[in-house]
Amino acid sequence: MTSPLVPRMVEHSTSIFAEMSTLAVQVGAINLGQGFPDTDGPQELKDIAIAAIQDGRGNQYPPPHGLPMLREAISAHQERFYGLQVDAGAGVVVGTGASEVLQSTLLALIDEGDEVVMFEPWFDIYSAGISLARGVRVGVPLSGPDLRPDLDRLRAAITPRTKVLLINSPHNPTGIVFTRHELDGIAAIAIEHDLIVISDEAYEHLWFADHHHVPIATLPGMFERTITIGSGGKSFSFTGWKVGWASGPTDLIAAVRVVRQHLSYVSGGPFQYAMAAGLGLPDQYFAQFRADLSAKRDLLAGGLAELGFGVLMSEGTYFLTTDVRPLGYADGLEFCRDIPHRAGVVAIPHQALCDDPEIGAPYVRWAFCKRPSVLEEALERLARGLA
């Protein structure tokens with residue numbers, strides 16, 4: 001019997017994240033592939049979620065577009081950090097993680113044959129979401145040894161069928177943060193071609209040193225054409241709570257709401273109360289969060305460099321990228337399938353996140369959102385395995 005799966009989803013039937021995580025369990029490897037912390041976020045947020053369960057506030061359906069207090073907190077957050085004026089009543093929608101909100105956005109905006117242009121490599125749910133919407137994905141390779149946006153190649157990729165430009169900064173999997181100059185160029189292209197921009201900013205608070213995150217919606221002429229995606233799981237280290245949101249102009253958010261309400265409908269009632277409080281945490285929380293992750297980044301990056309990897313220092317996210325060719329590997333996929341058996345450590349190859357495998361062939365993504373002792377053990381295992 002042939003598979004009942006519709007043809008456009010066949011290419012998405014396997015996931016490199018599932019493959020590598022399964023391999024980690026099979027061989028007892030340290031999993032530096034999946035991007036989730038191994039420590040919890042603030043205790044006060046857990047206490048709020050527990051209280052919402054115990055006193056009955058969070059145990060039934062919340063409002064379909066998110067608790068009013070959470071939508072108000074998202075609006076206040078956008079003004080506090082970025083000076084953006086977002087209508088809490090009609091300019092915000094809450095969903096089951098940033099993933100659901102992103103997929104709802106694609107389903108709401110993309111029709112059959114519409115093109116979505118995005119930088120390559122990309123996070124895998126982007127390509128799956130475009131296929132669900134019957135759209136056409138168009139990849140623009142990040143360029144050069146530092147994997148930066150190439151504005152000339154981006155401009156050349158735009159056609160009359162292009163409807164959406166999907167960007168992600170801080171960027172997963174590379175760990176780069178788009179500069180203001182790069183964002184200005186992207187914005188100019190979007191305005192010139194009257195494109196809608198979906199800006200995945202799940203890692204908005206995870207930037208390091210002077211690589212400040214700049215939402216593209218803050219640039220002139222961009223708010224009215226931009227849907228900004230945020231993630232409570234990433235900002236507060238509760239990825240299992242699955243609370244995410246989109247904010248932007250009311251006409252675009254209205255379209256996203258139509259689709260999203262027919263997916264999970266609602267979820268995460270107790271956690272929405274906690275996320276509302278989290279968005280109001282003092283600046284010190286976010287600064288300390290970055291400092292903690294930056295130290296973990298430095299630990300892993302320094303250790304990988306000592307082992308001979310070519311390290312692209314992470315500017316943001318949970319991730320850093322290395323070139324595996326100095327170690328004698330032909331490509332990252334070969335490395336990622338071999339090293340768990342040799343060293344008991346798992347990572348993710350960029351080439352599995354590209355239409356053209358050659359684009360990401362040399363590169364591997366490592367997650368450093370782990371306890372220092374775990375990162376040290378991973379480095380010790382790699383040293384033994386590569387010896």
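Trainee: Which helices and strands each supply at least two residues of the lining of the largest pocket?

Mentor: They are helix 4 (97–109), helix 5 (124–132), strand 7 (226–231), helix 8 (232–236) and strand 8 (243–247). Helices (H or I, at least four residues) and strands (E, at least two) are DSSP runs, numbered from the N terminus. Helix 4 gives the most to this lining, with 4 residues. The model is predicted, and local features need pLDDT of at least 70, side-chain atom pairs count only at pLDDT 80 or more, while totals for chains, interfaces and linings use all residues. Residues are numbered from 1 along each chain as its sequence is written, and side-chain values use heavy atoms, without hydrogens and water.

Trainee: What makes a space a pocket rather than a cavity?

Mentor: On a 1 Å grid over the protein atoms alone, a cavity is a set of points where a 1.4 Å probe fits but cannot get out, whereas a pocket is an open set with protein on both sides within 12 Å along at least five of seven lines; lining residues have an atom within 4 Å of a point. The largest pocket has a volume of about 530 Å³, a volume being the space filled by probe spheres set on grid points joined across faces, edges and corners. Of its 28 lining residues, G35, S99, F123, Y203 and K234 are the closest to the centre.

Trainee: How do the residues of that lining divide by type?

Mentor: There are 12 nonpolar, 11 polar and 5 charged residues. Ala, Val, Leu, Ile, Met, Phe, Trp, Tyr, Cys and Pro count as nonpolar, Asp, Glu, Lys and Arg as charged, and the others, Gly among them, as polar.

Trainee: What is the volume of the second largest pocket, and which element gives the largest share of its lining?

Mentor: The second largest pocket holds about 450 Å³. Among the 21 residues that line it, E11, T14, I16, D124 and A352 are the closest to its centre. Helix 5 contributes the largest share of this lining, 4 residues.

Trainee: Why does S237 count as buried?

Mentor: Buried means under 20% relative accessible area, exposed over 50%, and partly exposed in between (1.4 Å probe, protein chains only). S237 has 11% relative accessibility, so S237 is buried. S237 lies in the loop between helix 8 and strand 8. Beyond its neighbours within four places in sequence, S237 is in contact (heavy atoms within 4.5 Å) with P37, T39, D40, G41, G232 and F289.

Trainee: Are L147 and K242 buried or partly exposed?

Mentor: L147, at a relative accessible area of 5%, is buried; K242, at 33%, is partly exposed. L147 has a positive phi of about 55 degrees although it is not a glycine, and K242 likewise has a positive phi of about 55 degrees without being a glycine.
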